[in-house]
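Trainee: I've got a structure open and I'd like to learn how to read it. Can we go through it together, feature by feature?

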Amino acid sequence: SKVIIKKYDSHLNILDEPNQIYGKAIHAIGSATFKNGAVYDGDFHNGLLHGSGIYRWPNGIVYNGGFHYNEICGNGRYEWPNGSWYEGEVKNGLRHGYGTYSTPMEDATYVGEWKDGYRSVSYTHLRAHETPEHLVCRLLLEKKKHIIS
């Protein structure tokens with residue numbers, strides 16, 4: 001992966017080891033502003049976004065969570081300018097695994113599995129009056145009802 005950085009600010013640890021892939025590389029916690037206007041604050045390893053960080057796109061979307069050699073992955077939280085948010089597992093920058101998505105007024109909330117950025121085929125919405133605990137009880141009752149019939 002190649003990162004094109006316009007501005008960088010940090011205390012740097014410059015390593016120059018024979019077995020190092022990149023020769024001299026940035027190992028630090030810092031801030032980078034990219035040519036497209038995006039900003040990253042967080043961990044760098046071998047000059048790549050790696051560890052924990054916050055990435056802000058110029059359009060107002062913010063991701064706060066894990067990075068693995070320039071790839072958004074692990075656990076994190078996306079926030080969109082309209083107030084929607086997603087918190088949970090991420091793979092290749094997409095919602096993937098278990099997570100929660102909610103709209104600004106929390107009138108629609110999805111709690112469950114995601115695959116490649118999309119809700120899995122079997123999914124469940126919290127009803128407007130439900131808490132996550134109520135949802136679990138309702139799902140167990142529906143499952144029990146389905147097994148009996």
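Trainee: Let me start with one residue. Is Asp 41 buried, partly exposed or exposed?

Mentor: Before that, keep in mind that this is a predicted model. Asp 41 has a relative accessible area of 27%, so we call it partly exposed. The cut-offs behind that are simple: under 20% is buried, over 50% is exposed, and partly exposed is in between.

Trainee: Okay. Which side chain does Asp 41 meet in a salt bridge?

Mentor: General idea to begin with: side chains of opposite charge can pair when their charged atoms come close. Here, Asp 41 meets Arg 56, with 2.9 Å from N to O. Arg 56 has a relative accessibility of 34%, so Arg 56 counts as partly exposed too.

Trainee: Where do Arg 56 and Asp 41 sit in the chain?

Mentor: Arg 56 is in strand β5 (residues 48-56), while Asp 41 belongs to strand β4 (residues 39-45). They are 15 residues apart, and the pair links distant parts of the chain.

Trainee: Which residues do salt bridges with shared partners join into one network?

Mentor: Arg 77, Glu 79 and Glu 87. Check their accessibility as well: Arg 77 is at 25%, so it counts as partly exposed. Glu 79 is partly exposed at 37%, and Glu 87 is partly exposed at 40%.

Trainee: Now the strands. In which sense do β7 and β8 pair?

Mentor: Antiparallel, over six bridges. To read a pairing like this, look for residues that stand opposite one another: Glu 79, for instance, is opposite Trp 85 in β8. Then look at the turn. The β7 and β8 hairpin has five residues between the strands, and Gly 83 takes a positive phi near 100° there.

Trainee: What about β6 and β7, how many bridges do they pair over?

Mentor: Six, and the sense is antiparallel. His 68 has Glu 71 in β7 as its bridge partner. This hairpin has two residues between the strands, and Tyr 69 takes a positive phi near 45°.

Trainee: And how many residues lie between the strands in the hairpin of β8 and β9?

Mentor: Two, with Asn 92 taking a positive phi near 55°. β8 and β9 are antiparallel, over six bridges. β9 and β10 also pair in the antiparallel sense over six bridges. You can follow a row of glycines across these strands: Gly 88 stands opposite Gly 99 in β9, and Gly 99 has Gly 112 in β10 as its bridge partner.

Trainee: Let's do rings. How many aromatic pairs does the structure hold?

Mentor: There are 12. A pair of aromatic rings is described by the distance of the centres and the angle of the planes. Take Trp 80 and Tyr 101: their ring centres are 6.0 Å apart and their planes stand at 70°, so this pair is edge-to-face. The cut-off you need for that step is an angle over 60 degrees.

Trainee: Which parts of the chain does that pair tie together?

Mentor: Trp 80 is in the loop between β7 (71-79) and β8 (85-91), and Tyr 101 is in strand β9 (residues 94-102), so the pair ties together parts that are 21 residues apart in sequence. Trp 80 is partly exposed at 25%, and Tyr 101 is partly exposed at 21%.

Trainee: What are the distance and angle for Tyr 86 and Trp 114?

Mentor: Their centres are 5.4 Å apart with planes at 80°, so they are edge-to-face. Tyr 86 is in strand β8 and Trp 114 in strand β10 (residues 109-115), 28 residues apart. Are they buried or exposed? Both are buried.

Trainee: Which residue lies over the face of Tyr 86?

Mentor: Arg 95, at 5.9 Å from the ring centre. You can find another case at Tyr 110, where Arg 119 lies over the face, 5.7 Å from the ring centre.

Definitions and conventions. Residues are numbered from 1 along each chain as its sequence is written. Side-chain values use heavy atoms; hydrogens and water are left out. Rings of Phe, Tyr and Trp (its six-membered ring) pair if their centres lie within 6.5 Å; planes under 30 degrees apart count as stacked, over 60 as edge-to-face and the rest as tilted. Helices (H or I, at least four residues) and strands (E, at least two) are DSSP runs, numbered from the N terminus. Buried means under 20% relative accessible area, exposed over 50%, partly exposed in between (1.4 Å probe, protein chains only). A charge sits over a ring if NZ of Lys or CZ of Arg is within 6 Å of the ring centre and within 35 degrees of the ring normal. Two strands pair if DSSP finds at least two bridges between them. A salt bridge is a side-chain nitrogen of Lys or Arg within 4 Å of a carboxyl oxygen of Asp or Glu.
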